[in-house]
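Please open the structure in a viewer and keep the sequence at hand.

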Amino acid sequence: YADPSYTTPNSILDWPGNGDENLGVSAKLAPFVDLNENEIYEPELGDYPSIKGCAATYLIFNDVANTHGSGAPEIGIEVHQLFYQLSDTDIGNDLNGTTFVEQKIINKSTSDFVDFYSTFFMDTDIGNWSDDFSGCDSSRNMMFSYNGDAFDNQSSSAPGYGEITPSLGVVLLNGNISGAGQFNATSFSPANFPFSPEEYYNY
């Protein structure tokens, strides 16, 4: 970065390290390596994103910015998520194709929350979504989805996998799954989705 001919890549320039406190967000957002330790993201001075893996995406969202689908009032929670992957040359084939998700939940409200649930929703759609199954293996701390037969046909919205039918598993690494469930959305009717705050909580 000190070389006059160096051009900082947009992926480094656009990293959301700094937040505008006038907008009600934290002064420091996505993690970064702070070379001069002034807690300000300055890529022109050599600061760069602090990420894991070979490729990463960082997301920040909260429950104050938009209307809630559940109809529940806002509670002032902010969530930071780092999605990252490792190349198979670094880790071997066992974890090739694995995406890691690291999540930080920050209470931005004036209330204390003693008991709360954090949940993970996935709409897996294994090729043709109409014949997928899902389940949970508590001994592996895993939720999973897989194709329901030996041949995955094409659907109106997605190509099928044919004879190579993949599966998808989500494993909680730093805790125990307290529950897992599913709901049938094949008709895309609102009646098949959670509607009230209580239904969202129970799902």
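In what order do the 3 strands of the open sheet lie? The order is S6-S7-S8, with antiparallel pairing; strands here are DSSP runs (E, at least two residues), numbered from the N terminus, and two of them pair if DSSP finds at least two bridges between them. This is a predicted model, in which local features need pLDDT of at least 70 and side-chain atom pairs count only at pLDDT 80 or more, while totals for chains, interfaces and linings use all residues. Residues are numbered from 1 along each chain as its sequence is written, and side-chain values use heavy atoms, leaving out hydrogens and water.

Select residues 132-137 and 167-171 next: these are S6 and S8, the edge strands, each pairing on one side only. S6 and S7 pair over 6 bridges in the antiparallel sense.

Now select Ser 145, found in strand S7 (residues 142-147). Ser 145 is buried, with a relative accessible area of 5%; buried means under 20%, exposed over 50% and partly exposed in between, for a 1.4 Å probe and protein chains only. Show Thr 124 as well: its side chain and that of Ser 145 are joined by a polar contact of 3.1 Å.

Finally, move to Asp 34, in the loop between strand S1 (32-33) and strand S2 (48-49). From a polar atom of the Asp 34 side chain, the backbone nitrogen of Asn 38 lies 3.0 Å away. A polar contact is a pair of N or O atoms within 3.5 Å; within protein, one must be able to donate a hydrogen and the other to accept it, and residues adjacent in sequence count only if both atoms are side-chain atoms.

Notes. Helix = DSSP H or I, 4+ residues; strand = E, 2+ residues; numbered from the N terminus.
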